Amino acid sequence: MHNNVDQLFDELWNNYLSVTPSAVKVHELLGSTQQDDVINDHIALRTFNHEKVGLEKLAAHFKAVGYKECGEYHFEAKKLYAKHYEHSDPTKPKVFISELLVEKCSEELQAIVNDMVSQIDENAVTADNFLYSGTHWQVSHETYQQLLKESEYAAWMSAWGYRANHFTVSINYLANFTTIEAVNQALKDAGFELNTSGGEIKGSPEVLLEQSSTLADHQPVVFSDGEFNIPSCFYEFALRYNKPDGEIYTGFVAASADKIFESTNAR
Ligand code: OOG
Ligand code: NI
């Protein structure tokens, strides 16, 4: 495991960029409007609730660099469970880790996922590079499509595995944008497509968090039966509000997160 938080995020960022070419452009679009670098609100990772690779196994890598568990979230319909983690330095990205509750899925899905997970080397899970190690298996495009019918999340995992599935620009730290509407407009003017599931803006000042996201890029994946372009990763934007006590809200909003997951749906 890493012992340097910045090194870990550099690796996650480079790995994310390698399959998310639009992120470079988004970063330039928002980053070029100010002198300081863009601050990330959070990143998100996905996994399966298997003992071997459950969300706690991913969390251990963040705990090793100073992160603490702060909240939990349930997604009944998508059969997901998630927790979020924070660092004592508020400029370090928060971390959102979810896991698919495999036993709630069909026998067929369980068999496919069990086979994928069985191919992961036990030692790989604690290795420095696990959080950006991608897949430890190869599925066919046919299997990918079968998973897609039942769980977009499982299908995405089968193709992309362990990596940040998005980075999130903190609008609070942007010098030249104060509203999420202005950020969305700049993105659309530059030709980016936004995730409109649940509306372009998820959340509100009342729930202390507003979020929007691009639709995932489509990138080639080599499956066992050929190469296909499928959704990879996306970019998110978050604006946080102060709680009545004057402290900024640092949690997530389950109803909004439920829609953000859909940013990796095919266009
Ligand atoms: C995570 C979706 C939730 C948020 O900010 O609410 C999320 C995912 O797509 O894996 O990132
Ligand atoms: Ni997010």
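Reader: Let me start with one residue: is Lys-79 buried or exposed?

Author: A residue is buried if 20 or more other C-beta atoms, placed from the backbone, lie within 10 Å of its own, exposed if 12 or fewer, and partly exposed in between. Lys-79 has 20 C-beta neighbours inside 10 Å, so this residue counts as buried. Please keep in mind that this is a predicted model, where local features need pLDDT of at least 70, side-chain atom pairs count only at pLDDT 80 or more, and totals for chains, interfaces and linings use all residues. Residues are numbered from 1 along each chain as its sequence is written, while chains are lettered from A and ligands numbered from 1 in the order in which they are written.

Reader: What is the phi of Lys-79, and where does the residue lie?

Author: In general, most residues other than glycine have a negative phi. Lys-79, not a glycine, has a positive phi of about 60 degrees. You will find Lys-79 in the loop between strand S2 (68–75) and strand S3 (80–86); strands (E, at least two residues) and helices (H or I, at least four) are DSSP runs, numbered from the N terminus. Leu-208 also has a positive phi, near 70 degrees, and sits in the loop between strands S6 (202–204) and S7 (209–213). With 18 C-beta neighbours inside 10 Å, Leu-208 counts as partly exposed.

Reader: How do I read the packing of helices H5 and H6?

Author: Two packed helices are described by the angle between their axes and the distance between the axes. Here the axes of H5 (residues 141–150) and H6 (residues 152–160) come within 6 Å and cross at roughly 155 degrees. Axes are lines fitted to C-alpha atoms over the stretch in contact, with angles from 0 to 180 degrees between N-to-C directions. H5 and H6 are therefore roughly antiparallel (over 145 degrees).

Reader: Which residues in H5 and H6 meet?

Author: Thr-143, Tyr-144, Leu-147, Leu-148 and Glu-150 in H5 meet Glu-152, Ala-154, Ala-155, Ser-158 and Ala-159 in H6. Contact needs C-beta atoms, placed from the backbone, within 7 Å. Beyond its neighbours within four places in sequence, Ala-154 is in contact with Leu-100, Leu-109, Val-113 and Leu-147.

Reader: Which residues surround ligand 1?

Author: Among them are Ala-44, Arg-46, Phe-96, Ser-98 and Glu-236, where near means a C-beta atom, placed from the backbone, within 6 Å. Helix H8 (254–260) gives the largest share of this shell, 3 residues.

Notes. Parallel < 35°, antiparallel > 145°, perpendicular 65-115°, else oblique. Contact = placed C-beta atoms within 7 Å.
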